[in-house]
Amino acid sequence: MIDLLERFGSTIYSDPHGCYSLLRSESPVQDAVLPDGRRCHLVLDHAGARFMLSSNSVSNQRPGSGDSHMLESDDPRHSMLRQTIAGTFSKSGIRAMTPAISHIVDQQLALLPEDEDVDLVPTLARVVPVLVTARLLGILPEDEPRLSRWTTEFLATDDGARRMAGARAELTDFISQIFEKRHPVDGNGLIGDLLTRPRRSGVTDDDLIATITLLVVAGHEATVNLITNAIWCYLSFPHVAQALAAGTADVDDLIAETLRFQPPLTLSSSRYLTRDLELSGTALKGDGQLVIASFASANRDEAKYENPDLFLLGRRTAGHLGFGSGSHRCLGDGLAIAEARCVVGELIGRFPDMSHREETRWRPSCISRSQHSLVVRLDGGAPGTGTARGHQRESRPMQNSPEVTEQIRSIVLEVLHDSDGTTTEADLELDTDLRGYLGFDSLSIMYVLSTAEERFGVTLGDAELMTSTMSVRVLASYIEAALARQSTRTPTVNHPNAPVGEML
């Protein structure tokens with residue numbers, strides 16, 4: 001049993017990638033004591049982590065516990081709760097939020113001083129997600145300061161559990177008052193929608209309150225960290241600014257590689273072994289023990305990515321675990337990316353020559369990859385001059401090639417042959433609803449998606465794909481579009497003098 005704090009000290013916070021790389025070279029699965037005191041099987045390699053996160057031999061529900069929120073539930077309860085709010089995070093839902101996001105970002109950028117050092121964490125990276133969340137939920141403007149205070153307390157550190165629990169309890173009480181109609185809310189937001197539309201059988205007020213609390217807690221931290229880390233990568237590697245200025249890469253490339261290189265969360269949520277399981281050559285007993293995947297380690301696994309410690313714009317990041325994997329993959333990943341794209345794109349577009357003004361100090365958390373501060377000087381700013389090159393991409397027509405559709409069909413049939421379903425190979429047509437075809441088994445559906453990602457070398461993290469009718473034809477269209485985008489990119493590597501791995 002390896003105690004990470006005893007072995008690595010504070011380096012586990014300042015350079016978790018280096019620590020995990022050393023552990024991974026010793027064994028891809030380690031029995032470990034995490035810095036927060038939890039004992040677990042720690043999965044460090046990409047293949048093992050991804051397999052574990054989609055395995056039906058592990059459970060998100062703690063042994064002996066009752067019903068809990070979405071993150072700590074298994075199917076069918078997990079799917080029921082997820083589908084209750086999934087439409088809000090679909091592609092169309094995010095598109096509807098984009099004007100509000102842009103307006104919020106413009107307002108916050110206008111407040112930044114150009115002639116003095118400014119910390120972008122409290123002035124931008126934390127503020128935008130709070131205001132977007134308030135708009136999304138329908139929280140009234142007068143309640144936004146309280147929401148901001150609570151979300152600040154949510155930023156995880158290993159010694160801040162009591163403070164975080166207190167803020168979470170206050171938030172839960174606040175949302176409960178809204179559901180009890182003791183506190184007003186904007187009826188156009190998600191909460192107002194949940195209060196008025198018919199519910200699925202079995203969904204209670206307590207379920208919805210817990211789900212909304214989870215959205216605020218988990219969604220805020222991941223988005224803040226993604227924004228901050230993307231700006232940090234822009235500032236840390238000179239070749240990034242050069243590539244964006246030359247048009248050989250864009251902000252989407254920056255965000256995608258940040259999610260791999262410096263993911264917002266370094267560890268998965270808790271899983272518990274319910275059956276014997278072999279992971280990367282290590283036999284684990286199904287005795288209820290805790291098992292956790294290291295996103296930070298898996299995303300730097302040299303068996304998955306060539307030169308993983310290089311920040312490489314345009315590399316194929318398909319399969320990264322920046323937002324997890326499997327049926328519990330982050331539901332709000334599309335919204336977080338949309339916010340980061342807007343914030344980072346507008347900031348770079350207005351202040352391309354901004355400079356980092358202090359040494360990086362990572363927060364002492366084994367879960368969250370976040371910084372105490374990100375102080376910059378916005379030299380050479382020209383507010384209102386527009387976004388960074390490539391901030392928004394033109395859409396491409398989606399086509400279906402026989403090769404793509406046939407490979408997808410073969411993947412689905414592989415799953416079918418491993419199941420006990422009553423459907424047959426002859427029933428699978430191009431427009432057959434795959435959810436019904438696979439018996440509405442979310443693990444089978446996630447296996448199809450993850451296998452398609454691996455086989456075609458693309459990332460299929462689109463929330464609308466996960467919530468709309470999915471067929472061989474629809475899935476092929478998404479893959480064709482992703483391949484078309486990749487074919488237009490030229491990978492951009494670290495400048496020889498860039499601080500590769502510095503302060504990681």
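I began with α12 and asked how much of this helix is covered; 27 of its 32 residues are buried, so I noted α12 as mostly covered, taking buried to mean under 20% relative accessible area. I keep in mind throughout that I am reading a predicted model.

I then checked the length of α12: at 1.5 Å a residue its 32 residues should span 46 Å, and because the end C-alpha atoms are 46 Å apart, I recorded that the two agree.

Next I looked at how α12 (residues 205-236) meets α5 (residues 77-85), and found that the two helices pack at an angle of about 70°, with their axes 11 Å apart. That angle makes α5 roughly perpendicular to α12, since 65 to 115 degrees is the range that counts as such. On the α5 side I listed Arg 77, Leu 81, Thr 84 and Ile 85, and these meet Asp 207, Leu 208, Thr 211 and Leu 215 in α12.

I did find a kink of about 35° in α6, placed at Thr 98, shortly before the proline Pro 99.

Which residues of α6 are buried? I wrote down Gly 93, Ile 94, Met 97, Ala 100, Ile 101, Ile 104, Val 105, Gln 108 and Leu 109. These buried residues pack against α7 (120-125), α8 (127-137) and α16 (333-350).

From there I went to Lys 304, which I located in the loop between α15 (295-298) and α16. Is Lys 304 buried or partly exposed? Its relative accessibility is 26%, and therefore I count Lys 304 as partly exposed. Leaving out residues up to four places away in sequence, I found that Lys 304 touches His 46, Ala 318 and Glu 454. I also noted the spacing between Lys 304 and Thr 317, which are 13 residues apart in sequence and 9.6 Å apart in space, C-alpha to C-alpha.

Last, I took down some totals for the chain, which has 21 helices and 11 strands. Of its 504 residues, 54% count as buried. Among contacts between residues at least 6 apart in sequence, 73% join residues at least 24 apart.

Definitions and conventions. Residues are numbered from 1 along each chain as its sequence is written. This is a predicted model: local features need pLDDT of at least 70, side-chain atom pairs count only at pLDDT 80 or more; totals for chains, interfaces and linings use all residues. Side-chain values use heavy atoms; hydrogens and water are left out. The bend at a residue is the angle between axes fitted to the seven residues ending there and the seven starting there. Helices (H or I, at least four residues) and strands (E, at least two) are DSSP runs, numbered from the N terminus. Buried means under 20% relative accessible area, exposed over 50%, partly exposed in between (1.4 Å probe, protein chains only). Contact means heavy atoms within 4.5 Å. Axes are lines fitted to C-alpha atoms, for helices over the stretch in contact, and angles run from 0 to 180 degrees between N-to-C directions. Angles under 35 degrees count as roughly parallel, over 145 as roughly antiparallel, 65 to 115 as roughly perpendicular and the rest as oblique. The expected span of a helix is 1.5 Å times one less than its number of residues.
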